[in-house]
Every structure is written in structure tokens, then in C-alpha cells.
Protein chains: 2
Amino acid sequence: MPSYTAPTKDTQFVLHNLLKVTKSDIPGYDELEPDFTSAILEEAGKLTSSVLAPLNAVGDKEGCRLENGVVYTPKGFKEAFAQVKEGGWTGLDMPEQYGGQNMPAVMGSAVGEMFSAANQAFTMYQGLTHGAASAILAHGTDAQKDTYLPKMVACDWTGTMNLTEPHCGTDLGMMRTKAEPQDDGSYKITGQKIFISSGEHDMADNIIHLVLAKIVGGPEGIKGVSLFIVPKFMVKDDGSLGDRNGVTVGKIEEKMGIHGNSTCVMNYDGATGFLLGEEHKGMRAMFTMMNEARLGVGMQGLAQADVAYQNALDYAKDRLQGRAVTGAENPDGPADPLIVHPDIRRSLMDQKSFVEGARAFILWGASLIDAAHRAGDKEADGLVSLLTPVIKGFLTDQGYDMTVKAQQVYGGHGYIEEWGMSQFTRDARIAQIYEGANGVQALDLVGRKLAQDGGKHVMAFFDMVKNFIKENAGQDATFDKDFLDPLKAASKDLQAAGMYFMQNGMKNPNNALSGSNDFMHMFGHVCLGLMWARMAKASMEALAEGTSDVAFFETKLATGRYYMARQLPATALHLKRIESGADTVMALDAANF
Amino acid sequence: MPSYTAPTKDTQFVLHNLLKVTKSDIPGYDELEPDFTSAILEEAGKLTSSVLAPLNAVGDKEGCRLENGVVYTPKGFKEAFAQVKEGGWTGLDMPEQYGGQNMPAVMGSAVGEMFSAANQAFTMYQGLTHGAASAILAHGTDAQKDTYLPKMVACDWTGTMNLTEPHCGTDLGMMRTKAEPQDDGSYKITGQKIFISSGEHDMADNIIHLVLAKIVGGPEGIKGVSLFIVPKFMVKDDGSLGDRNGVTVGKIEEKMGIHGNSTCVMNYDGATGFLLGEEHKGMRAMFTMMNEARLGVGMQGLAQADVAYQNALDYAKDRLQGRAVTGAENPDGPADPLIVHPDIRRSLMDQKSFVEGARAFILWGASLIDAAHRAGDKEADGLVSLLTPVIKGFLTDQGYDMTVKAQQVYGGHGYIEEWGMSQFTRDARIAQIYEGANGVQALDLVGRKLAQDGGKHVMAFFDMVKNFIKENAGQDATFDKDFLDPLKAASKDLQAAGMYFMQNGMKNPNNALSGSNDFMHMFGHVCLGLMWARMAKASMEALAEGTSDVAFFETKLATGRYYMARQLPATALHLKRIESGADTVMALDAANF
């Protein structure tokens, strides 16, 4: 059975050595002293490793069960959910006004990674609630906020997102769910929604569904879509629960993974709904949830990669098989541990260098959100908007690949469910798909974000990389060679790809879109390369200042060197593919495939 | 529910346009006239698509069941197995003397791909039997052949391979299963074997286990391993079945996929076994099975990729979502089909160009086996020995990735088991693991096969590529640019990697082994590049000669161009990683991970 250890020390490194949070002037960051963040991370680590992680396999094996309209979560989930609520974890980065602890997003992300790694299916119940609460917070009336947020921040009530219908996922303009205005200002919602995570379950008194629907008589297509609050139980004026609303669960889907989360078909049959935000501006309101969810999903890619890596590492140290090619390293034992073998090392280093780079990337992204939301930093806002599809698409594609590599370390045992490595890959797989499949992320990046505000944000990103190189070059020849030179080369590749799109995308947009997936991946590599160069610098600073933990910082440098030497050069291949253009991609008539 | 269509036309292209089988002087190839091979492929196509494919999901859902020592296969398997036997498919490429049809391996592979694609878990019952029969054919006494082969060729009795034990997989020298010599020349076998595919089931009268064990008092380690025939039921002199032997199934493993195949823990408790081949030369005898099995597993990578691709293609043509960026292509419908989108195209072209390239590679490999076995061609024998780890490792890694891409085309529906795409990835995953995990294949390639016979075979491979380029260059500028130039560049990368290993592997073998995985993949790409260049040439010939099916050959050319432009350049990245050496890979002490 796999285990999980929260990466407290590494997270502290990112918060304090890399991001230097207490030196930032983002409101609230001054409170993030190392002792304070350490206390929170340690507590979160205990809860996730001792309570949530042991339930991960239980959830996978048992799944959710629908009986007479009631969904039962796996054994132990209810008790664990109560513990999570009691610890105040559900409102960590929510406003105090509604019962939250008002911590910045960077702490929400640091803790969120642990929750996702320990038990992704379980954590989705509170994750979706957080997203729905954020949408109400951003777009709700004061009355709506007062009615729903205290309960949702505490997870006494949970939330859902209802977008997809059987015939439309990405293309929501084709939506059929309708909303009929009532005299009292409410709406009657009718239609079917599918793939609704946490759609129905037995862990909360009420479920607040956020539902996209078209108001009858409104504009055609995506411009006629509005967002509604549809509670499972109606809420009376005094806040107590009233009648059951007209929303029922049709079935629970049988999925490849995340069995512990109830993915439901939801049927709305004249259910009472309340408009959230403006009429026909539902997509805008929904995107508050979506953007938050996309960053959260990117984090899931990292989280599953980390827990899978941790277990692969343990196995590689324990399992005795074969001898090191350079001479026995465990001569008194029957064989050497797997970790002596170079190809096992390669795989572990791929995983380790990804996980630590991705963690820095995620927390940097969260700090940009804090800068945008708490300090009104428009540049940070633009940058995180640009990076959102990269975080979602790159980290989940790579994260999935890492879980596959971790599983491979186990050989045959990796394929046997009892050992738990299969679950990590099966659970990680969904992150490439939901909240906009990764092809849609790539399209968003190349088709929309690159040119946003006249291309200002991508230019700012390139400047940031260039300035970092300029400011740090020429001081240490090894650092230049191992970190700055590869970063420079990769960044140059990325700029060349952007240039190719500009020059060739105008005459034929397919030239840009044929390279969107490659561009998203090369962008991700450059971001991780930047993170590694910054982490290397931070490690050199720590070593220069004198530290009692030399091994930690030297390991960090060595791990970074691996990433720069073995992973970052992928940008050249992506560029080559992009520059080959659309011709070979679009050559065939559909009939000739 | 997914469907499967046998790739009869494409297989015919490979057999006749590419390999030109009837012009070969390999014994038996003169019979492979297009009408003849077409008739066989059509029949195999009917059986696999109409009988085996519909049982694929059934096997996945139902799995195998152990009750009171009896293993029950999923509903419908027994009847289908009877149909397969009745059609004579189980002995297609087995000697007539034992009831087979004596066809060459190239036909066995062409048909085998269809079986694997339609239902991998089901096909493993006959696949393992084929491997065990081959080992008996190669190493058995005449009496053993007469006793077992007629029944095994007909699949009245099935076979298994018993290598792995709980504490040892790759490192079989640590094996504990023992064989005690008896006065009558037989042995008593005692020990536990795990991961035994088709270990016990209800579809055959007898099961012939081939078991590796150590004869008591023999040499230590791998040099003391012998191979034994251990029948489930003893076989009497008249060929009828006698007493139950001392072998029982301990449990059926719960696996990530191939649920329709019974993967068993087998307990040998003083079971009667008969030496197969020589004492202490068990590994040699087992490798007859292993090499055949590795090629078969490589084929599974192709097969799962093909069936997944076929369904992704259907979905991409059917599912309406969004509009082409260059203008609506289905203006009367609510949206355009997915296939209009460049990123979906990219994914489909990745899949298509892999599948067709891999098919050519597999059948070329099979023709080399025929040349070696039927015509005593030592060069072909050396070449296929070199290519075996490439076929196994590269085609299963890539094949798996292709099933993931195919699943991704379905968006959320790809994650729902009902749609069947998850099964293709879960089933394909095992092929990267069994018959020697792909890391072991890479080690075999770099640590053993490269230097085999003084490096003769790899030099022969390079010469073959060089000669092909030389013989065909300068006749058609487009062909040169689209095919020969990329092939030349990729082959140069591969040679540079080999050169790096020679120059740096001597002083530190880790420099070679740190790059083994990359080398295996770049080798695979060069093989597929060679196949595509040859297929392009064959297509140009067909077009020049005049054909009624211009679209087929032009599609072939366009698909090849895609591979050369977008996939083959991966060799440069692999080379770059290899040339970065072992330093970053081996930098950390195990304790510092």
C-alpha cells in the first residue's frame, strides 16, 4: 500500500528561499514567517498523510454507490470530511467575513497540493465547493453571499459546476438546458448535465449547484448563456433548509479513476434557480470558477506526480534486483537495490526534477494571483492569465507521464492494483481532460492569450527571463553554463516559435494552431527552466550564507542541473515541429484518413 | 462501444508493395500471392471484428473468477475460443507435422496483430501457448514433441511461461523454486511463481506449464536454472489424461487491465516436471519463448494503438463541436466535426503515422525471422536479434502513448469506462512491463546487442540505411527533401549516439546506460523513418505504374511526410540527452533523493 509524506521542507524552500514571501509587499505576506508557514504545513501534512492518504485506496476500490436517489461515499470519507472541516482547512484562503482564515492563495496552493496528493477524489468535494464559493463571492449579491458563503466556506454545504451536456462539452453554445423566468424573479431550470463532480453525496446537508442554462427568449449560442444557483434543498429566509428542489441524480458514471468522487448525471426538472451575476453573462461568471479550477487541476498534475514519485523512490531503494554495472553496492545482500541502475535513476530524476520545478511554478503562479487580487497588480494579473493554460496543460500532461514512469519502476507489481501505483496513473489521467481538455488549453494559449492586450503579457514574460539572465550572468561560470545558457537557448526557441506564429498564423491560422500543443509544452519547459535557474540561485545564496543543511541545497542544484541538461532541450524539438507548419498536419481529406 | 476493423488493405500494401513477398526467395514466400494472403486476412478480419472484438469489453468488465480452484473465463470466451480453434488459427505458422499450417512468421504476425487488436486479453491464451510450443519445438525430445505439440498447436491444451517469483523478476538468478531429481528421470518441482498469464482457466483440457527452477545441488545463480514441462494433468502413454499434478492456482491478481486474462499465482508443491532441453541451460531454452514473446508484445503495442486510433478517428468525424478556424465546414449543422481542428488532426496524424509505420516495422521484422529460420540467413538472424528490444520497447512505449492520445480525442467521454477508450490504455500499459520491462529492453540493446558479434549487426543496419539513401537519392527532389534528408539526419544522430557510447562507455559504463532508454527510442524512430521512406518509394512506384487507387498511395505519402517532419526529428533530442552523459543522472547519493 502506498504512503504519502507531505513535502513540507521543499515547500518552505519555495516560499522562503525562492519567493521570499515575507519580503514581498503583497498584503498579508508579512505574516508568512517561516515558523508560521511551517506550523500550517506540518499540520496539513499530518492530516493528509495520516487521515486522507489511507483512504485513497479505499475510495478507489469501493467507489460511490447510488441507491434510491442517495449517493453513498466510500467508507471513512464522512468521518475524514468532518475532520477536515473541524480543522478549518476548507476556508483557509477564504474571507474572514464568511468564516475563512483569509490566507493568501500561495498558502492555499501549498496546502492544496498536499490534499490532492493524498487523496484527489476526496479533495474534489471541497475543491469544487471552493470554486463555486469563489464564483458567488465574485458575482453574487450581498444577500446571496450571506446566504451561501458561510455554509460553503465551512463545507457544511458543498458546491458543484454544471457545464457539460451529453452533446456539448467545449462548445457550450450548443447548450439545451433552459431557464424560464418566474414572477418572483427566480427561474425554472430544466435540462440534463453530465460529468458533474461531487454532484450528489452524503457528506453535506445541502449541495449548491452552479448551473449554466439559457434563458428562454435570450440570444442564440454562447451569448445567451447565464449562470444560476440551484440548491439541492431550498434555503428559507432564516437560513434553515426547506423543500427538496427539482434536481436529481440520474446515475453515477463508471470512470477510469477518481472512483471516490461521485461523478453524476444531474437532471434538472423545473428546478428553482437564482441568477448569479448578469443575464447572458454566464460564461464570464463561470470563468471565475474555471480559471481557479484550471490552476487547481494543474496542481493535481504535480500532486499525483509527487505521491507516485515518493513511492517509486521507496521501492527503488528497497527492491533488490541485479547488480550495479560498476560493481556491487550491496555486496552482502543477494542483489543491489534498483536505484543503482542508471535507467532507474534517469526515471527518478525525471520525476524529481519535474515535481520540484512544478511546485515552484505553481506557488509562483499563486503569488501572482495574490499580487493581482490583493495588491491590484495588473501586470501580475495579465501574466497569470497567460500562464493559466500552461499550468493546466503542461503540468497535467507531464504529471501524468511521471505517474506512468513511477509505475514502471515497480515492474510487474506496478500493474497489480494492490500495490496502488495504477491508481495514481488512473487518477492523474482525468486532469488532462477536465476543466478544458489540454488541446483546449493549448488553443486558449495560442489563439487568445498570446495576443491578449497586444501581446503585452508574453513580451513581459520574455523580458523577465531576459532580465534574470542579464542580472545573473558572468558571476559564476558553472552557473552560467549549467543554468543560464540552457535557459537562454530554450527561451530563444520559445520566442522563435512565437515569431513563427506571428509571421505565418496571419495568412493561415492553421499554421499557429497546428503547433499549439507543442507551444504549450515548450512554454511549460521554459517556465520550469526559469524556476530551476531561480532555485539554483537561491540555493547558491543559502550555501554562500552558510547553512547547516548543505546536502539539501546541493541536491537542489544537482536536480536542477539534470532538468536543464535532460528536459529543457525538448524546446528545440517542439520548435522544429512548429516550424514544419500546418501542411503535413492538414494534408489529408477527412475521408482519406 | 468501440469497434474494430481489420487493416487488411494496409497489411496487403506492406506484404506486396513494400516487402514484395512473392519475389523473395525465402522458402514458402512464393505461395503468398495477393489473392491468397487477402483471403486469409479477410477471414481473420471477419473473425476478429465480429467475434473477438465484441468480447473485449465483456472481458474487461467481468474479468476472471476463481472458485474452488477452478478459474472461470468471462462469458463468451469459451465459445469464441472454440471458433478460433476450429478455424485453424492457433496453428497458422506451426509445422504441418503437428497439425499446423506451416505458414511463415510474416503471416503469423499479420494475423496476430488483428487478434491482439480485437481482444488482447483473449488472444494471450493462444499467444502463450504458441510461445510454449515453440520452446518445446526448439528444445524438446521427439517424444516430448509428439506428446505435447499436436494438442498445443490445436490449443486443445494451452501453455504458460513461469519465470517470476515474488522476490525476483528480472534477476532470475535469485530464484527459489527447486527441482528434485527422481529415480524415473522426472523431477519434483516446488515453489511459487507469480504473474502467470493464462495460468489456469476453463477453456482447455490441459495446461502445459513451462517452469524455470533450480535443480537441487546445481550451480548457484542463473547458471543453475533449468526449464521444465509441468502439465496440469499428467499425460499417459496413450496420450490420454491421468492424475492431476501438484500444481494449483493460489489467486488471480487484480490488474489495471487485461482483465479477461487470468493472471495467476501458481503454487508448485512437489509437482512432477520433465526437463526441457539441457540441465542448467534453462535460460537459453526460455529465451526461445522470450524472444518470440517480445516480438509479440511489440505487436501488441501496435495493435492497441490501431484499435484506439480507429475509434478516435470515428469519434473525430462524428462528434460536432466548435467551428474550423478557417471557416465552417459543416455550415448546415450545429457545429463542425472535431476532425476540422488542427490539434485534433495533429493527434490523429501522430497515431496514424505511428500505426502504419509500426505495422511495416513488425512485418519487416517477421520477414527477417523467416529469412533466418527458413533460409538460414545469418545476417537476418543477427539483425532481428538487434531489433528485438527496439520492437518490444519502442513500439510498446509509443503504442501506449498513442492509446492515451486516442482517449484524449474523446474528451470527458474518454474517461468513462462505458465508451471503451480507457480499456485500450489500461490493456496497452502491460506491454511496457511484461516480457522484460522496457528499461530491461534498453539495457539489452545497449549493454548487449550493440556489441554482439563485434558490433557487426548494428553496422549492417547503418549500411542498410546508407545504401537505401544512396540508391534512391537524386531522382526526385521532393522525395529527397521530404524523406531521404530527414532519414539521413536521424541516422546520423543514431550513429553519433553509438559513437558516444563507444568513446565514453568504456571509461564509465554508466555513460552508456544513462542513455539506454533514449537510444532505444531513437533507434525505433530511425527504423520507422526507414519504413516510411521505403513505403513512400513503394507508393511512388505504384502511382508511376498507374493504379486505380490513387488516393490510397497519396495518403500513404502524406502520412509519411508527417512522420518525417514531426516525429523523426525526436532523434536530435535523444542524442542531446545521451551526450549529456551520466554525470547529472548519477549525481545524487541515494540518501539525498
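Student: Which helix of chain B is B:Gln398 found in?
Tutor: Helix H10, residues 378-409 of chain B. Helices here are DSSP runs of H or I with at least four residues, numbered from the N terminus. This is a predicted model, where local features need pLDDT of at least 70, side-chain atom pairs count only at pLDDT 80 or more, and totals for chains, interfaces and linings use all residues. Residues are numbered from 1 along each chain as its sequence is written, chains are lettered from A and ligands numbered from 1 in the order written, and side-chain values use heavy atoms, without hydrogens and water.

Student: Is B:Gln398 buried or exposed?
Tutor: B:Gln398 is buried, at a relative accessible area of 11%. Buried means under 20%, exposed over 50%, and partly exposed in between, using a 1.4 Å probe and protein chains only.

Student: What is B:Gln398 in contact with?
Tutor: Leaving aside neighbours within four places in sequence, B:Phe354, B:His521 and B:His525. Contact means heavy atoms within 4.5 Å.

Student: New topic. How many residues of chain A are in contact with chain B?
Tutor: 93 residues of chain A, with 93 residues of chain B. The two chains bury about 7,700 Å² between them, 59% of it on carbon and sulfur atoms. Buried area is the accessible area (1.4 Å probe) that two parts lose on being put together, summed over both.

Student: Which three residues of chain A supply more of that area than any other three?
Tutor: A:Tyr415, A:Arg566 and A:Phe593, with 13% of the area that chain A buries against chain B.

Student: How many salt bridges between chain A and chain B?
Tutor: Six. In one, A:Asp518 joins B:Arg566, with the closest N and O atoms 3.7 Å apart. A salt bridge needs a side-chain nitrogen of Lys or Arg within 4 Å of a carboxyl oxygen of Asp or Glu.

Student: And rings? How many aromatic pairs over all chains?
Tutor: 36. Rings of Phe, Tyr and Trp (its six-membered ring) pair if their centres lie within 6.5 Å; planes under 30 degrees apart are stacked, over 60 edge-to-face, the rest tilted.

Student: Why is the pair of A:Phe552 and A:Phe553 edge-to-face?
Tutor: Because their planes are at 90°, with the ring centres 5.1 Å apart. Both A:Phe552 and A:Phe553 are buried.

Student: Where does the charged end of A:Arg429 sit?
Tutor: Over the ring of A:Tyr400, 5.6 Å from its centre. That term needs NZ of Lys or CZ of Arg within 6 Å of the ring centre and within 35 degrees of the ring normal.

Definitions and conventions. Helix = DSSP H or I, 4+ residues; strand = E, 2+ residues; numbered from the N terminus.
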